Amino acid sequence: MAPSFLSLVSLYSLYLRRCFTSSGLTSQTLDLKNGTTIHFWGPNPDQITLQKPSLVLIHGFGPVAIWQWRKQVQFFAPHFHVYVPDLIFFGNSTTKSAERSEVFQALSVGKLLESIGVKKFSVMGTSYGGFVAYHMAKMWPDKVEKVVIASSGVNMKRSDNDALLKRAKLQSIEHLMLPETPSQLRTLTGLAVSKKLSIIPDFFLNDFVEKLYSDNRKEKMELLKGLTLGKDDTANLSPLQQDVLILWGDQDQIFPLKMATELKELLGEKARLEVIEKTSHVPQIENPQLFNNIVKNFLCAP
């Protein structure tokens, strides 16, 4: 194991933290008093003076939040009070509860926001974070103002999960979402990113796996098995009361684009779909300028 000062991943993590800090966010941890502790990035409560709307960013299954939302934090922080939690068993967020569903994640984020005094907010979730965002919007229609679901197969069926494993040529979803080797990480990035990353050397990918995928592996496997979505042959979703923006990459191989069109129909008349060309599963990283502008126009529209 290389020392952290020789690790490119560790050095880049420091850079990401500085980006969040320079955007006015601070690293905070809150004990929810029920055996659950949530780490999050948010404005310093002692320095909140401007009246701005609140925006909650929910990360996907993978590295902690700072790796997934840098460009969005930098873009939205001047216009919103931005809150970026690490979901349970990611980063320093933990629980003593045996609950492992995305519904429990949603309840925990909701409890966090209530505890810090955020009464109304919009929520944006990517991939697994979209599952959490959907449940938050469903549970608190009076608190959640608008919803952005990005690259998130909330309408996932059992057959979609089977098809994903076939595309990945793997036997279990854990091997895809929790890579342990450079080969497995290449498989994941090959599906998640439109540009080919085959030239990246193994030592860098090993560093990535060690620093970003090794913590809480057992618990994260339990999170995958604890999903309430994707268990059946049909998608049983209720339409949401809020305005919903669905954002998708046209080359997404984790959740193919056809799932986005199906999701739009399931979520009702208040849902609309925007497709970002030449991007895959992480359009917020691959084309952040277009992604951010689409989201801002949606959130700021009357």
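## Glu114 and its helix

Glu114 sits in helix α3. Helices here are DSSP runs of H or I with at least four residues, strands are runs of E with at least two, and both are numbered from the N terminus. This is a predicted model, in which local features need pLDDT of at least 70, side-chain atom pairs count only at pLDDT 80 or more, and totals for chains, interfaces and linings use all residues. Residues are numbered from 1 along each chain as its sequence is written, and side-chain values use heavy atoms, with hydrogens and water left out.

Is Glu114 buried, exposed or partly exposed? At 49% relative accessibility, Glu114 counts as partly exposed. The scale runs like this: buried means under 20% relative accessible area, exposed means over 50%, and partly exposed lies in between (1.4 Å probe, protein chains only). Glu114 and Lys143 are 29 residues apart in sequence. In space, their C-alpha atoms are 9.9 Å apart.

## Helix α3 from end to end

Helix α3 covers residues 102–115, which makes 14 residues. The expected span of a helix is 1.5 Å times one less than its number of residues. For α3 that gives 20 Å, and the end C-alpha atoms are 20 Å apart, so the two values agree.

Ser101 caps the N-terminal end of α3. One of its side-chain oxygens lies 3.3 Å from the backbone nitrogen of Val103. Just after the helix comes Gly117, with a positive phi of about 85 degrees.

Which residues of α3 are buried? They are Glu102, Phe104, Gln105, Ala106, Ser108, Val109, Gly110, Leu112 and Leu113. An α-helix has 3.6 residues a turn, so residues three or four places apart point the same way.

## Where α3 meets α4

Helix α4 spans residues 128–139. It packs against α3 at an angle of about 65 degrees, with the axes 8 Å apart. The axes are lines fitted to C-alpha atoms, for helices over the stretch in contact, and angles run from 0 to 180 degrees between N-to-C directions. The crossing is right-handed.

From α3, the contact uses Glu102, Val103, Gln105, Ala106, Leu107, Val109, Gly110 and Leu113. From α4, it uses Tyr128, Phe131, Val132, His135, Met136 and Met139. Contact means heavy atoms within 4.5 Å. By class, there are ten nonpolar, three polar and one charged residues. Ala, Val, Leu, Ile, Met, Phe, Trp, Tyr, Cys and Pro count as nonpolar; Asp, Glu, Lys and Arg count as charged; the others, Gly among them, count as polar.

Ser122 belongs to strand β6, residues 121–126. It is buried, with a relative accessible area of 6%. Leaving out residues up to four places away in sequence, Ser122 touches Ser54, Leu55, Val56, Glu145, Lys146 and Leu299.

Ser151 lies in the loop between β7 (144–150) and α5 (158–168). Its relative accessibility is 0%, so Ser151 counts as buried. Its phi is near 50 degrees, a positive value in a residue other than glycine. Ser151 is also one of the residues that His281 touches. His281 is in the loop between β9 (271–276) and α11 (283–286). At 7% relative accessibility, His281 is buried too. A polar contact of 2.9 Å joins its side chain to that of Asp252. Such a contact is a pair of N or O atoms within 3.5 Å; within protein, one must be able to donate a hydrogen and the other to accept it, and residues adjacent in sequence count only if both atoms are side-chain atoms.

Lys169 is found in the loop between α5 and α6 (173–177). Is Lys169 buried or exposed? It is exposed, with a relative accessible area of 74%. Lys169 has a positive phi of about 60 degrees, although it is not a glycine.

Gln171 has its place in the loop between α5 and α6. It is exposed, at 76% relative accessible area. Gln171 and Leu8 are 163 residues apart along the chain, and their C-alpha atoms are separated by 31 Å.

Terms used:
A crossing is left-handed if the near helix is turned anticlockwise from the far one by less than a right angle, and right-handed if clockwise.
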